[in-house]
Amino acid sequence: MTSAPKSAAASEEASEDQMQRIPLADAKLDGPLFRRKLMAWYKSHARELPWRGVSDPYRTWLSEVMLQQTRVAAVIDHYESFLRKFPTMLALALAPESEVLAIWSGLGYYRRARLLHKTAQFLTRERAGVLPSTSAELRTLPGIGEYTSAAIASIAFGESVAVVDGNVERVLLRLTGRSEVKTAAARAFVQKKASALIPKRHVGEGINAAGDHNQAMMELGATLCLPRAPLCLHCPVYSMCKTRGEHVTLPRAAQLSRPVAYLLSLRKRGTVTEVLLELRADEASLMPGMYELPPLPLDAVQGREPLLRLRHAITNTNYYVQVFAAHGPEDSGLRRAVPAAKGDLHWVLTSRLGSIPLTGLARKALQRLDVMAVKLPKLPAATTGMANTTAV
Ligand code: SF4
């Protein structure tokens, strides 16, 4: 007799049972030895990053929000330009949202920027512009979840609370010889291991034991214990690791491919150049209130040669992008094919492209096409934003 196939819920339960049956003792790590080895390595090998060693909780908060699901290299540029524009929480709170999104452009996940801005306004209004200093209080704020609250509380305030991001999870699973399992029990196991390793609060004389430990764990995952081909022979805790290589992971979601087309339309007005952009509706589920090149239906560009082709990845979709040129207002063929309502199309001075909220894809295409090539001096706040756009 064959047994009935298990439902997804039943399989998950089975995995949780399995996790619970494995005694935690089989994966015990010597905490003090582990910390000594890890910190010795971190002190001599940590990358110099602009948010390391800062004593301003606002800066730690900003860096932790930017680093969520984003490469360090991309964050470095944005972190510095963001702080030049908004050096304090008060400066951020007083800025219009369009200016915040403009500086965020290219980092993606714009909801993070909106929540950061709103939270800065809330703290300025209700808490005299002071960030709470405990992970429990930080978690009550919009946009600050378990990972971010632990990171801010430990790095900025020295709280003994473990940070578990994707890097730390991978390190702990490999150290303890586990496979990747996405269940509540597996998450609890990793959290328990991370908490067992975190040192007690010790702050002073250039030391922040918990904050440094958390940063060292993330650094180990980001630079040595890589998802593919980890550099185990350079690992400071090699002798304590049960895996010493890649661990078994769940199959990743397949990448989707989607062709898309956009219009590039430029016009000269005296000595200045303007580019036609579409403003996404405030109600749009993705990137509301941001400017992009006007999308074109694919059948409108059949048989035409694009000016530019590029690939743009968002989560699990690869967009194969083609940009088609319309040379001035007289080239009305392509312009007429743009389905956007007239009121959503705006001529924008190319010199202002750095100070309006552009989608990451629009920014990438305009940079590759040299439309954004000129770096202009910083504009006073009163002249940036929507004031420099002309409706069609
Ligand atoms: S030995 Fe390799 S797998 Fe183990 S923690 Fe170090 S880098 Fe990761």
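Trainee: In the loop between which two strands does Met287 lie?

Mentor: This is a predicted model, in which local features need pLDDT of at least 70, side-chain atom pairs count only at pLDDT 80 or more, and totals for chains, interfaces and linings use all residues. Residues are numbered from 1 along each chain as its sequence is written. Strands are DSSP runs of E with at least two residues, and helices are runs of H or I with at least four, each numbered from the N terminus. The loop that holds Met287 lies between strand S4 (272–279) and strand S5 (291–292).

Trainee: Is Met287 buried or exposed?

Mentor: A residue is buried if 20 or more other C-beta atoms, placed from the backbone, lie within 10 Å of its own, exposed if 12 or fewer do, and partly exposed in between. Met287 has 21 other C-beta atoms within 10 Å, and therefore it is buried.

Trainee: What is the phi of Met287?

Mentor: Most residues other than glycine have a negative phi. Met287 is a residue other than glycine, yet its phi is positive, near 45 degrees.

Trainee: Ala229 also has a positive phi; is Ala229 buried or exposed?

Mentor: The phi of Ala229 is about 50 degrees, although this residue is not a glycine. Ala229 is placed in the loop between helix H12 (209–223) and strand S3 (256–269). Because Ala229 has 8 other C-beta atoms within 10 Å, it is exposed.

Trainee: How many residues of helix H10 are buried?

Mentor: Helix H10 spans residues 166–175 and is mostly covered. Its buried residues include Val168, Leu172 and Arg174, and the cover over the buried residues includes helix H11 (184–197) and H12. Of the 10 residues in H10, the number buried is seven.

Trainee: Which residues are closest to the ligand?

Mentor: A residue is near a molecule if its C-beta atom, placed from the backbone, lies within 6 Å of it. The ligand is surrounded by 14 residues, which divide into 10 nonpolar, two polar and two charged. In this grouping, Ala, Val, Leu, Ile, Met, Phe, Trp, Tyr, Cys and Pro count as nonpolar, Asp, Glu, Lys and Arg as charged, and the others, Gly among them, as polar. The closest are Arg174, Cys225, Cys232, Cys235 and Cys241.

Trainee: At roughly what angle do the axes of helices H3 and H9 cross?

Mentor: Axes are lines fitted to C-alpha atoms, for helices over the stretch in contact, and angles between N-to-C directions run from 0 to 180 degrees. The axes of H3 (residues 57–67) and H9 (residues 146–157) come within 10 Å and cross at roughly 145 degrees.

Trainee: Which residues of H3 and H9 make the contact?

Mentor: Two residues are in contact if their C-beta atoms, placed from the backbone, lie within 7 Å. The residues of this contact divide into seven nonpolar, two polar and one charged. H3 provides Pro57, Thr60, Trp61, Glu64 and Val65, and H9 provides Thr148, Ala151, Ile152, Ile155 and Ala156.

Trainee: Which residues does Tyr79 touch, not counting residues up to four places away in sequence?

Mentor: Tyr79 is found in helix H4 (residues 72–85). Tyr79 counts as buried because it has 20 C-beta neighbours inside 10 Å. The residues it touches are Pro50, Trp51, Leu62, Ser63 and Met66.

Trainee: What is the mean pLDDT of the protein chain?

Mentor: The predictor's confidence in each residue is its pLDDT, from 0 to 100. Over residues 1–26 the pLDDT stays under 50, and over residues 374–387 it is below 50. In the protein chain, 87% of residues reach 70 or more, and the mean pLDDT is 87.
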